[in-house]
Amino acid sequence: MKQSIINLSKNERLFLKASLKGGNKSDAEISREINISKATANRIRKDLENKKIILEYLPIVDLQLMGINIFMVVLFQWKGFKDEKLTNQLMKDLENDPHVAFLSSGEGSGFTHLIFLGFSDLSQAHIYFNKLRTKYENGLGEMIPFFVPTNEIRKQDYTDLVRYVLEKN
């Protein structure tokens, strides 16, 4: 059964809120901030990790300094569902592709998939897009690419959304 935010204790909620204000805070810092013992803070962190509410601790990296200067967001329609082998190959390729930062399958308006891909420049993105189109031409329907320079990305995490949920429940 999935854990619901509603089922979190008061201290778990306070701990989660405090950790979202600075993901690299120690348990000692959080314990002082929310007025609980360090041992309690440590137990709460472990409980939240065991419940899979906290999955990982990731640094926020300056993409441009790492040579990632453009994102290509692609919304596409997959028409190859009848070809299970081709469908599985597409998903495996995208899941293992280092350019893919986000991959989602869903429904609506005829489009079935959404991917965010990172590249050093626009020409690299175009080459990638054309190779993807060629390799999976038997299953791909309409594709809409959208290009975003990394310096135009204003928000890239779910912290505010989680804070909002914690405040409302």
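A residue is called buried when its relative accessible area is under 20%, exposed when it is over 50%, and partly exposed in between (1.4 Å probe, protein chains only). By this criterion Trp 78 is buried, and Tyr 136 is buried as well. The structure is a predicted model, in which local features need pLDDT of at least 70 and side-chain atom pairs count only at pLDDT 80 or more, while totals for chains, interfaces and linings use all residues. Residues are numbered from 1 along each chain as its sequence is written, and side-chain values use heavy atoms, with hydrogens and water left out.

Trp 78 and Tyr 136 also form an aromatic pair of the edge-to-face kind, with 6.1 Å centre to centre and 70° between the planes. Rings of Phe, Tyr and Trp (its six-membered ring) pair if their centres lie within 6.5 Å; planes under 30 degrees apart count as stacked, over 60 as edge-to-face and the rest as tilted. The two residues are 58 apart in the chain, Trp 78 lying in strand S1 and Tyr 136 in the loop between H5 and S4. Helices (H or I, at least four residues) and strands (E, at least two) are DSSP runs, numbered from the N terminus.

A tilted pair is formed by Phe 102 and Phe 116, at 5.2 Å centre to centre and 55° between the planes. This pair links strand S2 (residues 100-105), which holds Phe 102, to strand S3, which holds Phe 116. Phe 102 counts as partly exposed because its relative accessibility is 32%; Phe 116 is likewise partly exposed, because its value is 30%. Strand S3 itself is largely enclosed by the rest of the structure, because five of its seven residues are buried.

Strand pairing requires that DSSP find at least two bridges between the strands. S2 and S3 run antiparallel and are joined by five bridges, with Val 100 opposite Leu 117 in S3. S1 and S3 are also antiparallel, joined by seven bridges, and here Phe 76 stands opposite His 113.
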